[in-house]
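Dear colleague,

I am passing on a structure for you to look through, and below it I have written out what I found, so please keep the two side by side as you read.

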Amino acid sequence: MHIVAIVGSLRQGSMNRQLAEAARRTVLDLDPACRFTFLDWAGVPLFNEDDERPAPDAVAHVREQVRDADGIWFFTPEYNHYFPGALKNLLDWLSRPVSATEGQVLDGKPCAVSGISAGGSGTACAQDHLVTLVSFLNMDVMNKPRLTIPFGFSKMVGGALELGDSEPYLHAQAEAFLSHIARRSQR
């Protein structure tokens with residue numbers, strides 16, 4: 001099984017990147033044979049139909065990574081009650097057909113959504129907006145459980161995320177997502 005993490009923040013040391021790293025460790029503890037990789041999408045340009053065909057190299061690369069994944073796990077911050085514009089741009093590229101004979105790479109792909117934020121909503125609003133979009137793109141969304149961690153700075157110790165009382169919720173989501181992907185592959 002191969003899970004690709006898409007972290008909505010481009011900052012390498014972001015809380016959501018660290019949450020994704022914790023998820024990777026949890027998944028590998030649950031299933032050591034699983035591959036858990038991070039989508040490197042920092043070089044994806046702003047979407048422009050003038051540049052769509054042929055796709056820029058960075059876009060072709062992320063499409064290939066997503067196509068090869070068995071599941072996508074989103075880790076999104078919340079900016080002004082929404083997920084980041086950069087993540088929306090990535091999804092705009094991924095939502096376009098690859099060619100005249102190949103559709104978009106997100107179609108039917110199982111996904112999970114998590115997030116940590118400095119605010120009290122713990123990315124709940126951003127996740128709702130993201131789920132609306134990826135549902136429209138026909139992804140197979142695992143709606144329960146979702147992980148929303150509020151007041152993220154209280155979980156940062158010396159710049160490192162320490163989940164503490166949120167760790168069991170991450171573990172439960174990882175278990176559920178592995179099962180969600182396995183059920184999907186048995187269809």
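His 2 has a relative accessible area of 8% in this predicted model, and because buried means under 20%, His 2 counts as buried. Its place is in strand S1, which covers residues 2-7, and six of the six residues of S1 are buried. Both faces of the strand are covered, with His 2, Val 4 and Ile 6 on one side and Ile 3, Ala 5 and Val 7 on the other.

Leaving out residues up to four places away in sequence, His 2 touches Arg 35, Thr 37, Asp 68, Ala 69, Asp 70 and Gly 71. With one of these, Thr 37, the side chain of His 2 makes a polar contact, side chain to side chain, at 2.8 Å.

As for the neighbouring strands in the pairing, S1 and S2 run parallel and are joined by four bridges, while S1 and strand S3 (residues 71-75) pair in the parallel sense over five bridges. S1, helix H1 (residues 15-30) and S2 together make a right-handed β-α-β unit.

Phe 36 lies in strand S2, residues 35-38, and is also buried, at 8% relative accessibility. Setting aside its neighbours within four places in sequence, Phe 36 is in contact with several residues, including Ile 3, Ala 5, Ala 20, Val 27 and Trp 73.

With best wishes

Technical notes
Residues are numbered from 1 along each chain as its sequence is written. This is a predicted model: local features need pLDDT of at least 70, side-chain atom pairs count only at pLDDT 80 or more; totals for chains, interfaces and linings use all residues. Side-chain values use heavy atoms; hydrogens and water are left out. Helices (H or I, at least four residues) and strands (E, at least two) are DSSP runs, numbered from the N terminus. Buried means under 20% relative accessible area, exposed over 50%, partly exposed in between (1.4 Å probe, protein chains only). Contact means heavy atoms within 4.5 Å. A polar contact is a pair of N or O atoms within 3.5 Å; within protein, one must be able to donate a hydrogen and the other to accept it, and residues adjacent in sequence count only if both atoms are side-chain atoms. Two strands pair if DSSP finds at least two bridges between them. A crossover is right-handed if, with the strands pointing away from the viewer, the path from the first strand over the helix to the second runs clockwise.
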